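Q: Could you take a close look at one part of this model for me? I'd like to go through it piece by piece.

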Amino acid sequence: MACSRYEYVKGYEQDDRILPNVWIVIRIDGKKFHKFANTHKFEKPNDENALHVMNVAGIGVMQEFRDIVLGYGQSDEYSFVFRKDTDAFKRRAAKLLTYVTSLFSTSYVMSWPKWMQQPLAYAPCFDGRIILYPSDENLRDYLSWRQADVHVNNLYNTAFWKLVLESGLSNQQAEQRLRGTLSADKNELLYQQFGINYNNMPAMYRKGTILLRKRVLQFGQDEQDKGRQAIVPLHEDLIGAEFWRKHPEILGKYVPGKQQLLDEKSLPKLLEQQLTDHMEEKARIS
Ligand SMILES: [Mg+2]
C-alpha cells in the first residue's frame with residue numbers, strides 16, 4: 001500500500017510493551033456494585049447465583065486467554081495471572097487490559113440470564129488495572145492480600161446482616177454494634193447470638209473462587225484415563241504453603257495441572273457446563 005502523507009501520525013502511538021519476565025496481573029472491578037447489587041436485589045450478605053455469574057465470566061476469560069494460569073474472584077472483582085513468559089499481544093499493556101476487561105464484561109452480561117431470575121436493569125461496567133510482580137513471593141502476597149480481604153469483609157458482612165435481618169437492628173445500629181470488634185468478637189457474636197459456626201459457612205463466601213486449569217476425571221472414570229481439561233473452581237486457602245505444594249503448575253514452567261479426581265457424585269454446575277459444551281462441540285465435529 002502506498003504511503004500517504006498522513007501516515008506519520010502512527011508515530012504518535014506509544015510503545016507500551018510490558019517488561020519481560022514479570023508476572024502480569026490484571027484485576028477487574030465492578031463500578032458502583034453496591035448500587036448494582038441493590039437494584040438487582042442480591043441476597044445479603046452473599047448472593048450465590050450472582051457470584052456464579054462472576055465465576056462464569058472469569059472462566060470465559062480463561063478459555064480465551066490460554067496464558068492465564070490462575071483466576072481469583074471475590075465480591076465484584078476478579079484477578080487474572082498471566083504466566084511470566086506470555087507473549088500474548090506482544091505483551092502490549094493496553095491491548096491485554098482492554099481485551100480482558102471487555103471480554104469479562106460481555107461474558108458477565110451473557111451469562112446473567114442463566115443464573116439470575118430478574119433481567120438486567122442496566123449495563124454493568126468494570127474497570128481494570130495491570131499490576132506487575134517481579135517475584136513469586138510478590139505474586140503470592142498479592143493473592144494472599146485479596147483473600148485476606150474476603151475474610152475481613154465477609155465476616156463483617158455476615159455479622160452485620162444477621163443483626164439487621166434477624167435481630168431487627170437498623171443499619172446504623174448494626175454498624176455501631178460491630179465498631180471496634182475484632183475477628184474473634186464477631187465469631188463469638190455469630191455463635192452466641194445466632195448459633196453459627198463461621199467456619200462452617202460455604203467456602204466460596206469465606207475464601208473466594210480460585211480458577212485453575214486441570215485435567216478432570218469424572219466420577220467413576222478410571223484413574224488411568226487422561227481426563228479432560230477444564231477450568232476448575234476451587235475455594236481453598238491460598239495463603240498457606242499447602243496450596244502451592246498441591247498446585248505446583250501455577251508457579252512452575254507451564255504444564256496443564258495434574259489430573260484431579262472429582263470426589264463428588266454430582267459435578268459442580270460450573271464444571272458441568274464446560275464439559276457439556278465440550279461434548280457438544282465434539283459431536284458437531286464428528
Ligand atoms: Mg467495586
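What do β2 and β3 form, and which residue in the turn has a positive phi?

A: Keep in mind that this is a predicted model. Strands β2 and β3 form a hairpin, with two residues between them. The one to look at in the turn is S75, whose phi is positive, at about 50°.

Now follow the strands away from that turn. β2 covers residues 68-74 and β3 covers residues 77-82; they run antiparallel and are joined by six bridges.

As for how β2 sits in the model, seven of its seven residues are buried, so the strand is largely enclosed by the rest of the structure.

While you have the model open, have a look at a helix pair as well. Helix α2 (residues 48-64) packs against helix α3 (residues 93-115) at an angle of about 135°, and their axes are 8 Å apart. The two helices are therefore oblique to each other, and α2 passes α3 in a right-handed crossing. On the α2 side, the contact is made by N49, H52, V53, M54, V56, A57, G60, V61 and E64. From α3 come V100, L103, F104, S107, Y108, S111, W112 and W115. Sort the residues of this contact by type and you get eleven nonpolar, five polar and one charged.

Terms used. Residues numbered from 1 in each chain as written. Predicted model: local features only at pLDDT ≥ 70, side-chain atom pairs only at ≥ 80, totals over all residues. Axes fitted to C-alpha atoms, helices over the stretch in contact; angles between N-to-C directions. Helix = DSSP H or I, 4+ residues; strand = E, 2+ residues; numbered from the N terminus. Parallel < 35°, antiparallel > 145°, perpendicular 65-115°, else oblique. Left-handed = near helix turned anticlockwise from the far one by under 90°. Contact = placed C-beta atoms within 7 Å. Nonpolar A, V, L, I, M, F, W, Y, C, P; charged D, E, K, R; others polar. Buried ≥ 20, exposed ≤ 12 C-beta atoms within 10 Å, placed from the backbone. Pairing = 2+ DSSP bridges.
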